[in-house]
Amino acid sequence: KAAIPMAQAAHHVLADHINSAILIAPSKAGRLPRTRNFAAGHPIPNAAGARAAAAVIRMLEETQRGDVVLLLLSGGASALMPAPIRGVSLREKQRLTRLLMHRGATIAEMNAVRKQLSRLKGGGFARLAAPARVITLALSDVPGDDPAVIGSGPTVEDPGAAVLARRTIRRLLEDSEITPGLARVLGQPKARAGRVPATLTR
């Protein structure tokens with residue numbers, strides 16, 4: 001949710017060193033050089049956020065060895081950058097988010113489920129960017145400032161997320177509320193493309 005001032009500061013400091021950028025925030029930002037702006041949904045993810053996430057994925061897939069990817073991360077990224085994995089629709093993620101919020105899921109539980117259902121969260125961002133170097137500058141909105149929790153940890157692996165996600169679903173959802181896609185994904189650990197190291201500045 002702090003993407004706009006963070007992006008403005010990065011452009012002020014780095015200027016022409018920025019080749020291209022994507023800015024995702026709850027509201028539309030002013031024009032910045034070489035930057036695509038997206039106004040996405042929060043706290044419920046929406047189609048605009050999904051389009052923004054797709055643009056991020058395309059950019060990351062084009063990175064090469066020697067490139068540097070700078071991720072400016074702040075609270076709200078979990079909802080603002082939805083990238084459902086194959087077999088799970090955006091509508092399913094929207095419905096699931098509402099159910100978990102209304103039934104008192106903690107932020108750790110919410111993020112664990114999100115990580116299992118996302119191409120970008122739980123280290124997915126860093127995996128897609130490989131072999132480029134990834135640097136994350138994060139503003140924390142979570143107690144303890146755990147990098148794996150801020151924005152659902154796009155550049156941080158979280159091996160325990162699968163177990164917590166399954167436990168959360170069993171605790172808070174009725175069997176009739178679990179769609180086939182959700183059941184399939186949560187029934188097995190998310191496939192990994194290999195561990196990718198990322199640099200996190202705290």
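Where is the place of Ser152? I looked it up first, and Ser152 sits in the loop between strand 4 and helix 7. (Helices are DSSP runs of H or I with at least four residues, strands are runs of E with at least two, and both are numbered from the N terminus.)

**Ground rules.** I am reading a predicted model, in which local features need pLDDT of at least 70, side-chain atom pairs count only at pLDDT 80 or more, and totals for chains, interfaces and linings use all residues. Residues are numbered from 1 along each chain as its sequence is written, and side-chain values use heavy atoms, with hydrogens and water left out.

**Positive phi.** I noted Ser152 for its backbone. Its phi is positive, about 65°, although Ser152 is not a glycine. Is Ser152 buried or exposed? Ser152 counts as buried because its relative accessibility is 0%. (Buried means under 20% relative accessible area, exposed means over 50%, and partly exposed lies in between, with a 1.4 Å probe and protein chains only.)

Arg34 is not a glycine either, and has a positive phi of about 55°. I found Arg34 in the loop between strand 1 and strand 2. Arg34 has 38% relative accessibility, so it counts as partly exposed.

**Cis bonds.** I checked omega next. The peptide bond from His42 to Pro43 is cis, with omega near 5°. Pro43 belongs to the loop between strand 2 and helix 2 (47–61). Ala130 and Pro131 are also joined by a cis peptide bond, with omega about 10°. Pro131 is in the loop between helix 6 and strand 4.

**Helix 1.** The 12 residues should span 16 Å at 1.5 Å a residue, and the end C-alpha atoms are 16 Å apart, which agrees. (The expected span is 1.5 Å times one less than the number of residues.)

Which residues of helix 1 are buried? I listed Ala3, Ile4, Met6, Ala7, Ala10 and His11. They lie on the same side of helix 1, because they cover an arc of only 165° around the axis. (The arc is that of the directions from the helix axis to the C-beta atoms.) The face turned away from the buried side of helix 1 carries the exposed residues His12 and Val13. The buried residues of helix 1 pack against strand 1 (21–25), strand 2 (35–39), strand 3 (68–73) and strand 4. (Contact means heavy atoms within 4.5 Å.)

**Surface patch.** Val13 came up again. Val13, Leu14, Leu70 and Leu137 make a nonpolar surface patch of about 310 Å². (Patch residues have over 30% relative accessible area and no salt bridge; like charges are joined within 9 Å, and nonpolar side chains, namely Val, Leu, Ile, Met, Phe, Trp and Tyr, within 5 Å. Areas come from the Shrake-Rupley method with a 1.4 Å probe, and for residues only the protein chains shown count as cover.) I placed Leu137 in strand 4 (residues 133–138). Leu137 counts as partly exposed because its relative accessibility is 34%.

**Helix 7.** I repeated the span check here. Helix 7 has 12 residues and reaches 16 Å from first C-alpha to last, close to the 16 Å expected. Its buried residues are Ala161, Ala162, Ala165, Thr168, Ile169 and Leu172. They cover an arc of only 125° around the axis, which puts them on the same side of helix 7. The face turned away from that buried side carries the exposed residues Arg170 and Arg171. Helix 7 packs its buried residues against helix 4 (90–102), helix 5 and helix 8 (180–186).

**Salt bridges.** How many salt bridges does a search of the whole structure find? I got 6. (A salt bridge is a side-chain nitrogen of Lys or Arg within 4 Å of a carboxyl oxygen of Asp or Glu.)

One of them joins Glu109 and Arg171, at 2.8 Å from N to O. Glu109 is in helix 5 (residues 107–116) and Arg171 in helix 7 (residues 161–172), so the pair ties together parts 62 residues apart in sequence. Glu109 is buried, with a relative accessible area of 11%.

Lys115 pairs with Asp158 in a salt bridge, with the closest N and O atoms 2.7 Å apart. Lys115 is in helix 5 and Asp158 in the loop between strand 4 and helix 7, 43 residues apart. Lys115 counts as buried at 4% relative accessibility, while Asp158 counts as partly exposed at 22%.

Glu157 and Arg127 form a salt bridge too, at 2.9 Å from N to O. Both are buried.
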